[in-house]
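Dear colleague,

Please read the notes with the structure open beside them.

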Amino acid sequence: MSFLEKAVTDRFEEQGYVVAEGILDPVEDIGPIVAEYEELLDSMAGQWHAEGRLSSSFAELPFSERLTQVLAEGMPVFPAFDISLPPLSADSGEETPIHLGAAVFNRMLRNPRLLDAVECFIGPEIYCNPVQHVRIKPPEHLVPEAMRHSLVASVDWHQDAGVVEADADDTDLLSAWVAITDATTENSCMVMIPGSHRADVALHCLTYERQGFAGSAQLTIPQEYRGPKEPTPVPMRAGDVLFFHRMTMHASLPNVSNGIRWSFDLRYNPLGQHSGRPWFPGFVARSRAHPETELTDPAEWARLWQDAQAELAGGGTPAFNRWKDDDPRCA
Ligand SMILES: O=C(O)CCC(=O)C(=O)O
Ligand SMILES: [Fe+2]
């Protein structure tokens, strides 16, 4: 490990999070990802307009404004934009569209510079964990209240260990939050509680005033369970990656700017550990020991999700987490 890599991982150990700057290249990586989403939005907006659900296809607008308009008119951009399935069985049927594009697979999930960084934290046998999302957050006041869920609006305090199954508590789950646009305190950057990763899984309460994804409640760690440390906002530049520990408490701010905030949050863990959502497909992103086991074909990745979706449509999705509505500590 280089001196610089050691400095970065030491900071992660100490704080529970660290920003690695300039991991994604604006042209080589971010360009193709943005292009893939532009194409997706173009086809969806065209179709919704043709069906009479949208007042215009807004083809003349740049991506950020076009997306904001389409969301403002209540179109279901999510889950179609997301790169994982929503939590409720009703929405996990075969017809739920998700985005399984080649640029996301090659330039994001399997990005070699990103995996080099991941390797510094969890070693060279790397599983791409299926707990992964894209979040595109327009100015919050432009999103209809009923649609302000956790992929398009602010997210409340939680630990990522708290949003997966308890059998992954000991998984060395590394979250990688990738900025596609700059993230600022105005446009909904992340906020972290330094040192909170040293504790266990804290109490998470289901809060129905704040929406999770696809009609679910958001999970919130009540104030009295967050510890004494002041939360720290983490502004970032496009292409930077925020790495954080599964126990690090974090949230995101509301977007009070005039533009969109766009990120991907990905997770990786050492091969052979519980993923926390076993009904979703992950894959071997890197293996120095058995490189032949790496998944390199985006079409194969898409097929894994389609197969999982077909299976879930038959049996219904298990509950996504361990938290109960009637926990007296949440009253
Ligand atoms: O991007 C956000 O607003 C929240 C992301 C988050 O909670 C995560 O990446 O684990
Ligand atoms: Fe999170």
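How many helices and strands does the protein chain have? There are seven helices and 11 strands in the protein chain, helices being DSSP runs of H or I of at least four residues and strands runs of E of at least two, numbered from the N terminus. The radius of gyration, taken over C-alpha atoms, is 19 Å, close to the 20 Å that the globule rule (2.2 Å times the number of residues to the power 0.38) gives for 331 residues, so the protein chain is as compact as a globular protein of that length.

This is a predicted model, in which local features need pLDDT of at least 70 and side-chain atom pairs count only at pLDDT 80 or more, while totals for chains, interfaces and linings use all residues. Residues are numbered from 1 along each chain as its sequence is written, and chains are lettered from A and ligands numbered from 1 in the order in which they are written.

Around ligand 1 lie Arg135, Val155, Asp160, Ser175, Trp177, His250, Ser252, Ser263 and Asp265, a residue being near a molecule if its C-beta atom, placed from the backbone, lies within 6 Å of it. Strand S3 (174–179), strand S9 (250–252) and strand S10 (261–270) each give two or more residues to this shell.

In helix H3 (residues 63–72), Leu67, Thr68, Val70 and Leu71 are buried, that is, 20 or more other C-beta atoms, placed from the backbone, lie within 10 Å of their own. Seen down the axis of H3, the directions from the helix axis to the C-beta atoms of these buried residues fall within an arc of 165°, so they line one face of the helix. After H3 comes Gly74, whose phi is positive, near 80°.

Best wishes

Technical notes:
A residue is buried if 20 or more other C-beta atoms lie within 10 Å of its own, exposed if 12 or fewer, and partly exposed in between; C-beta atoms are placed from the backbone.
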